[in-house]
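Subject: Structure for you to look at

Dear colleague,

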Amino acid sequence: MIEAMADNPFNQLDVLQLDREIRTLMTRFGFDEFDITGRMEVRTDGSVSLEWSDYNNRFTLSRKFFVDAEGRKVVDHHLFEISKELQGKGVSKRVFQSLYEQYKATGIERMEVFANIDIGGYTWARYGFCVESRDEVISAIRFSALTSKQEKRIMAIVDEHFKTSNEPFPMNKIAKLPYGKAALLGQCWEGSLDLTNAKQRSLFETYLRR
């Protein structure tokens, strides 16, 4: 399968190195290396899918690399699930750090994510992923968890952004509020991060290095 990468647009992706890093990292969090399986699929359209999981279903990591209609190299953060006892211990950030080095080497220009209804709505927001429209931002907020004052504050932030900028809304503007977790936890939304945009990239890298 590695040979199939020779003429692939993502041929700078060091799959073997990434596999070693993922396995080493997960063993530090109590996983048995021999329980971890990795899978790679290179499709005829040039897209590449990578997946890791363990036999006990305590974690699953899946990424898809593809070239979009505008010719940009994109990675879809398809799935990252970890068991509840490992959540909040920095696992996802450590994994992301390893992945991001490969993204840079491969020339990834855009990252996409579907923030799920568990913790993803809050987690991905903290990284600075952005939402395209005002309506999408509003639908991503759990207003039932907020006071009237908190709701008004968030709406003021959202409205101010779309009045003064044509760029997507960075969800960390909500996540960093004292009640940001309550506003986003358990919510679903689709977001992206433009790595060719210096402001978005800086915001993301600052949080990733913390």
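In this predicted model, the axes of helices α2 and α8 come within 10 Å of each other and cross at roughly 130°. An angle over 145° would count as roughly antiparallel, and 65 to 115° as roughly perpendicular, so α2 is described as oblique to α8. On the α2 side the contact is made by Lys93, Phe96, Gln97 and Tyr100, which meet Arg201, Phe204, Glu205, Tyr207 and Leu208 in α8. Sorted by kind, the residues of this contact are 5 nonpolar, 1 polar and 3 charged.

Leaving aside residues up to four places away in sequence, Ser98 touches Leu18 and Glu21.

The aromatic rings deserve a careful look as well, since a pair of them is described by the distance of the centres and the angle of the planes. There are 14 aromatic pairs in the structure. In one of them, Phe96 and Tyr127 lie 5.0 Å apart from centre to centre, with 50° between their planes, which makes the pair tilted. This pair links distant parts of the chain, given that Phe96 belongs to helix α2 (residues 91-106) while Tyr127 sits in the loop between α3 (120-126) and β6 (130-131), 31 residues apart. Phe96 and Tyr127 are both buried.

Tyr127 has a further partner in Tyr207, and here the arrangement is edge-to-face, with 4.8 Å between the centres and 85° between the planes. Because Tyr127 lies in the loop between α3 and β6 whereas Tyr207 lies in helix α8 (residues 198-209), the pair ties together parts that are 80 residues apart in sequence. Tyr207, like Tyr127, is buried.

Lys73 is placed over the face of Phe10, at 5.7 Å from the ring centre, and Lys64 lies over the face of Phe66, at 5.8 Å from the ring centre.

Key
Residues are numbered from 1 along each chain as its sequence is written. This is a predicted model: local features need pLDDT of at least 70, side-chain atom pairs count only at pLDDT 80 or more; totals for chains, interfaces and linings use all residues. Side-chain values use heavy atoms; hydrogens and water are left out. Rings of Phe, Tyr and Trp (its six-membered ring) pair if their centres lie within 6.5 Å; planes under 30 degrees apart count as stacked, over 60 as edge-to-face and the rest as tilted. Helices (H or I, at least four residues) and strands (E, at least two) are DSSP runs, numbered from the N terminus. Buried means under 20% relative accessible area, exposed over 50%, partly exposed in between (1.4 Å probe, protein chains only). A charge sits over a ring if NZ of Lys or CZ of Arg is within 6 Å of the ring centre and within 35 degrees of the ring normal. Axes are lines fitted to C-alpha atoms, for helices over the stretch in contact, and angles run from 0 to 180 degrees between N-to-C directions. Angles under 35 degrees count as roughly parallel, over 145 as roughly antiparallel, 65 to 115 as roughly perpendicular and the rest as oblique. Contact means heavy atoms within 4.5 Å. Ala, Val, Leu, Ile, Met, Phe, Trp, Tyr, Cys and Pro count as nonpolar, Asp, Glu, Lys and Arg as charged, and the others, Gly among them, as polar.
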